[in-house]
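Reader: I've got a structure here that I'd like to talk through with you. Could we go over it piece by piece?

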Amino acid sequence: MPAQLLVPAPGDGQRLRSRRGDGARASDDTQRAGRPDKHTEEPLFEARASILDYTQLMYQGSDRIRGLVTCFWAVVGAYLVSLLVSHYERSGEILARELAGQIFSRGRDLILSDLALVASTAFAVPLVRVLWIGGWQPRALDPRRGAAVAVQAAAELGWLAFWYGWQGTRGWAWSQRCFFALHTAVNWMKLHSYLCNNRRLAGRLRAREELARQPGAADQIRALDAALRGPTVRFPASQTLANYALYQLSPTLVYELEYPRTSHIRWGYVAEKMAGTAGIFCVFYVVVAHLMIPRLEQMPEAGVVRTAVHLMGPMATCWLLFFFITFDSIANGFAELTMFADRRFYDDWWNARGLDEFSRKWNRPVHMFLSRHVYVPVRESWRAYGAATPALGGRFRRLLKAAPASVVAMAATFFFSSVLHELTLVVACRRWNHGVFFFSQMLQIPMIVFVDRVPWFRDQHALRNWSFWLAMVTYQPLLLCLYTYNAFAQRAQAAAAMAAG
């Protein structure tokens, strides 16, 4: 039996909570991401395991679900063998090689570019130390002022523009562009969280220094000291390249001074996750190369709807494989290597009754990022405007009353997420498809409000779960066809022209 999986960091008592000074402004509520309400006592990070982690289920999990996971992977293995045998009987070769050529062509260039992408985010450490820590900076660079936000935004936008532009000059295949675009978005989220949270901590440090020169401010100073201190480290001593490198390698998109840690690395567990990643990638490759690409190549003749119907099964299979390779294998593997004890990378998303619940449970690292850096700031800003209604006009006052802060924050979060997804798709596909994904995701907002306002449908949990999954299984392949139709149509035309010539 393996060693105990989750061991808290020394002195943190199984939980690591976000701290808030008594004098913190409303925007500082973003320090409590992952909580449904600002008064909730749920910690941001704590030592816990993934629900479907195979090692955890085999040795410490429930007997009721352990065999189900084993059965699932046995079925996947049998399905893989069946696909390979069928392909061999049709073509005389075991694996389709065209996709492999696209994935591994210019592989060295892709790997070096990706390493440079990750390393380039480290500019955040000297930026924080030079601009916001210390007493020599001019008043205009005070981290509590809007100019500091503008400097941060300019740095992030410049970084994004450079790497998106770099991708456009490399001549990579579509699979490589998709990977690099997704990894660019992930690293931008890490960079943004690091800069935002350290700018707020630097603002609190400035406030503490100012209060230290005033009599009778002992209570406020103690509150700020608590906000600047983790279990074993204190800001700004945390601003080192080593601290940033550990954060960069940890499977989280939300920066904290410290996280719960395990007591040691289980190298057998790491080897298991590496083997799992390789195995799932092989299954993923077979499904895409043998079942999806041939259908997409026939799409110009078969049509979008017919192709989408054929792709419903393979697309759902790829979607499940993507979940396991990302959140079960890669995330847990990096968590073990960095001794990151909070393995709650997802919740029971299979029980989701709508896109809003699915978004919270399917990808918790992104959900926590959006909660901290989009949802909570918008909600608190809207409440602040609502508190100032006596000084505002009647029309705006009625708007504030008609639009609750939670609804406005939800809409803003969906808007931000939709824009980020659409931008990633445009960069990866090198074409704009009239914002199909953006508008399809934004249309979920009235559906969410409708469900919340209609008690009969809101209480039909099984019906809502069925409706959601039917929509996911049918709409995802249709979306894929809409975004790839032009590319495959051009390939078909080029092949026809070559055959005619």
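Reader: Let's start with helix H7: is it mostly covered or mostly open, and how many of its residues are buried?
Author: Keep in mind that this is a predicted model. Buried here means under 20% relative accessible area. By that cut-off H7 is mostly covered, and of its 38 residues the buried ones number 29.

Reader: And what length does H7 reach from its first C-alpha to its last?
Author: H7 runs over residues 174-211. At 1.5 Å a residue you'd expect 56 Å. The model comes close to that, with a reach of 55 Å.

Reader: Leaving out residues up to four places away in sequence, which tryptophans does Phe 323 touch?
Author: Leu 52, Asp 328 and Tyr 346 are among its contacts on that count.

Reader: What about the nonpolar surface patch: which helix gives the most to it?
Author: The patch covers about 490 Å² and is made by Leu 249, Trp 267, Ile 330, Phe 334 and Leu 337. Three residues come from the helix that gives the most, H12.

Reader: Why does Trp 267 count as exposed?
Author: Trp 267 lies in helix H10 (residues 267-297). Exposed means over 50% relative accessible area. Trp 267 counts as exposed because its relative accessibility is 57%.

Definitions and conventions
Residues numbered from 1 in each chain as written. Predicted model: local features only at pLDDT ≥ 70, side-chain atom pairs only at ≥ 80, totals over all residues. Heavy atoms only, no water. Contact = heavy atoms within 4.5 Å. Helix = DSSP H or I, 4+ residues; strand = E, 2+ residues; numbered from the N terminus. Expected span 1.5 Å × (residues − 1). Buried < 20%, exposed > 50% of the residue type's maximum accessible area, 1.4 Å probe, protein only. Patch = residues over 30% accessible without salt bridge, like charges linked within 9 Å, V, L, I, M, F, W, Y side chains within 5 Å. Areas by Shrake-Rupley, 256 points an atom, 1.4 Å probe, with all protein chains shown as cover. Salt bridge = Lys/Arg side-chain N within 4 Å of Asp/Glu carboxyl O.
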